[in-house]
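Subject: Structure handover

Dear colleague,

Here is the structure you are taking over.

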Amino acid sequence: MTVRLWVEFKCPICNQELEDDRDLANFLVCKNNSHGLLRFYTGDGCFFTTDHKVAEALLLKGRKVHVSDPKGFVQLE
Ligand SMILES: [Zn+2]
């Protein structure tokens, strides 16, 4: 299960490899200009974006997505 997830750690929008997020543990990040800052939480496989168009594009691809800043999300936990 974990191995399968790691294989899929490419950005579903621009197809770039996701990088480790230096600010947040357990997050990967893609900073491609085409979609702005996009974070991926490895804990539950959800993407985080503050851009509604990017969120829609991810939903169309069958991905789970939260339209919020994960820094706020992490603080809530
Ligand atoms: Zn990307």
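Of the 77 residues in the chain, 17% are buried. A residue counts as buried if 20 or more other C-beta atoms lie within 10 Å of its own, as exposed if 12 or fewer do, and as partly exposed in between, with C-beta atoms placed from the backbone. This is a predicted model, in which local features need pLDDT of at least 70 and side-chain atom pairs count only at pLDDT 80 or more, while totals for chains, interfaces and linings use all residues. Residues are numbered from 1 along each chain as its sequence is written.

Overall layout

The chain has three helices and five strands, and from the N terminus on they run α-β-β-β-β-α-β-α. Helices (H or I, at least four residues) and strands (E, at least two) are DSSP runs, numbered from the N terminus. Among contacts between residues at least 6 apart in sequence, 16% join residues at least 24 apart; two residues are in contact if their C-beta atoms, placed from the backbone, lie within 7 Å.

The five strands form an open sheet in the order 1-2-3-4-5, with mixed pairing. Two strands are taken to pair if DSSP finds at least two bridges between them. Strand 1 and strand 5 (64–67) are the edge strands, each pairing on one side only. In general, strands of a sheet pair through backbone hydrogen bonds, either parallel or antiparallel.

- Strand 2 and strand 3 run antiparallel and are joined by four bridges. Leu-28 stands opposite Phe-40 in strand 3.
- Strand 3 and strand 4 also run antiparallel, with three bridges. Tyr-41 stands opposite Cys-46 in strand 4, and the bridge partner of Phe-40 in strand 4 is Phe-47. The hairpin of these two strands has four residues between them, and Gly-45 there takes a positive phi near 75°.
- Strand 4 and strand 5 run parallel and are joined by four bridges. Phe-47 stands opposite Val-65 in strand 5, and Thr-49 stands opposite Val-67.

Helix 2 packs on the sheet and touches strand 3, strand 4 and strand 5. The direction of helix 2 makes about 165° with that of strand 5; axes are lines fitted to C-alpha atoms, for helices over the stretch in contact, and angles run from 0 to 180 degrees between N-to-C directions. Strand 4, helix 2 and strand 5 make a right-handed β-α-β unit. Right-handed here describes a path from the first strand over the helix to the second that runs clockwise, with the strands pointing away from the viewer.

The core

Which residues make up the largest nonpolar core? There are 10: Cys-11, Leu-18, Phe-27, Cys-30, Leu-38, Phe-40, Phe-47, Phe-48, Val-54 and Leu-58. A nonpolar core is a set of buried Ala, Val, Leu, Ile, Met, Phe, Trp, Tyr and Cys residues joined through C-beta atoms within 7 Å. The elements giving two or more residues to this core are strand 2 (27–30), strand 3 (38–41), strand 4 (46–49) and helix 2 (52–60). Phe-47, one of the core residues, is in contact with Leu-38, Arg-39, Phe-40, Leu-58, Arg-63, Lys-64 and Val-65, leaving aside its neighbours within four places in sequence.

Loop residues

Phe-9 lies in the loop between helix 1 (2–7) and strand 1 (19–20). Phe-9 is partly exposed, because 14 other C-beta atoms lie within 10 Å. Not counting residues up to four places away in sequence, Phe-9 touches Leu-18 and Leu-28. Its C-alpha atom is separated by 9.0 Å from that of Thr-42, 33 residues apart along the chain.

Most residues other than glycine have a negative phi. Asn-15 has a positive phi of about 70° and sits in the loop between helix 1 and strand 1. With 9 other C-beta atoms within 10 Å, Asn-15 is exposed. Asn-26, in the loop between strand 1 and strand 2, likewise has a positive phi, near 70°. Asn-26 counts as partly exposed, because it has 13 C-beta neighbours inside 10 Å.

Regards
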